[in-house]
Amino acid sequence: MKNLKRIIFFNQVTGPLFQELVLEISKYYLNRSLLITGSLDEPLTSKKVNIEIAPSYNRKNIFTKFISWFKYTLYSLGVILKARKDDLILISSNPPILGLIIFPILKFKNLTYILLIYDIYPEVLIKAGLFSSNNLFVKLNFSIFLFKPIFE
């Protein structure tokens with residue numbers, strides 16, 4: 001097993017279940033965990049978790065959704081660029097573009113990561129008529145995440 005000392009969580013909207021996940025998993029790491037979120041449903045207090053408030057999710061319309069996803073992703077990219085080899089990165093599919101954008105950086109830096117998929121967004125985008133099933137984004141979203149094992 002790799003000597004992973006810290007876990008960094010990425011989730012733009014952090015609800016009670018994800019907060020519980022953060023608190024429980026953080027107990028198993030030597031260093032304080034880091035949660036990058038745009039909002040918390042309820043206060044999260046723990047001596048094992050640092051919280052960074054990133055750009056929040058704006059549900060007003062499809063344009064503001066994409067803009068808020070993009071802002072959060074850019075913020076997260078800065079965090080990923082500073083990540084160390086002994087960090088474990090846990091990325092939720094919220095926002096759905098996050099994994100696609102930072103995936104090359106994760107691979108380039110050879111960081112250990114986990115992708116937590118809440119929804120299969122391309123299916124939603126196809127049904128809404130925003131993308132076709134032949135769209136490059138849709139094809140990449142279904143195939144790009146080849147998981148590398150945490151334990152070797």
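Which is Phe-9, buried or exposed, and what is its relative accessible area?

Mentor: Phe-9 is buried, and its relative accessible area comes out at 0%. Buried here means under 20% relative accessible area, exposed means over 50%, and partly exposed is in between, with a 1.4 Å probe and protein chains only. One thing before we go on: this is a predicted model, where local features need pLDDT of at least 70 and side-chain atom pairs count only at pLDDT 80 or more, while totals for chains, interfaces and linings use all residues. Residues are numbered from 1 along each chain as its sequence is written, and side-chain values use heavy atoms, with hydrogens and water left out.

To count as a pair, rings of Phe, Tyr and Trp (its six-membered ring) need centres within 6.5 Å; planes under 30 degrees apart are stacked, over 60 edge-to-face, and the rest tilted. Phe-18 is buried as well, with a relative accessible area of 4%.

Then there's Phe-103 with Tyr-113, an edge-to-face pair at 6.2 Å centre to centre and 90° between the planes. This pair links distant parts of the chain, from Phe-103 in helix α3 (residues 98–108) to Tyr-113 in strand β7 (residues 112–116), 10 residues apart. Helices (H or I, at least four residues) and strands (E, at least two) are DSSP runs, numbered from the N terminus. Phe-103 counts as buried because its relative accessibility is 10%, and Tyr-113 counts as buried at 1%. If you look along α3, its buried residues are Leu-98, Gly-99, Leu-100, Ile-102, Phe-103 and Leu-106. Just past the end of α3, Asn-110 takes a positive phi of about 55°.

Rings also gather elsewhere: Tyr-57, Phe-66 and Trp-69 make up one aromatic cluster. Tyr-57 turns up again among the residues that Ser-68 touches, along with Gln-12, Ser-56 and Asn-58, leaving out residues up to four places away in sequence. A contact needs heavy atoms within 4.5 Å. Ser-68 sits in helix α2, and it is buried, with a relative accessible area of 4%.

Take Gln-19 in helix α1 (residues 16–26), which counts as buried at 3% relative accessibility. Beyond its neighbours within four places in sequence, Gln-19 is in contact with Thr-14, Leu-40, Asp-41, Glu-42 and Leu-44.

Asp-87 is a charged example. You'll find Asp-87 in strand β6 (residues 87–92), and at 0% relative accessibility it counts as buried. Setting aside neighbours within four places, Asp-87 has contacts to Leu-4, Arg-6, Ile-8 and Thr-112. Asp-87 and Ser-33 are 54 residues apart in sequence, yet 9.2 Å apart in space, C-alpha to C-alpha.

Side chains of opposite charge can pair when their charged atoms come close. A salt bridge means a side-chain nitrogen of Lys or Arg within 4 Å of a carboxyl oxygen of Asp or Glu, and the whole structure has four of them. Arg-84 bridges to Asp-87, with the closest N and O atoms 3.6 Å apart, and Arg-84 also meets Asp-86 at 3.3 Å, N to O. Asp-86 is buried at 17% relative accessible area, whereas Arg-84 is partly exposed at 38%. Salt bridges link Arg-6, Arg-84, Asp-86 and Asp-87 into a network. In another spot, Lys-27 and Glu-24 pair up at 3.0 Å, N to O; Lys-27 counts as exposed at 55%, and Glu-24 is partly exposed at 36%.

Finally, let's step back to the whole chain. The protein has five helices and seven strands, and read along the sequence they run β-β-α-β-β-β-α-β-α-β-α-α. Of the 152 residues, 43% are buried. Among contacts between residues at least 6 apart in sequence, 61% join residues at least 24 apart.
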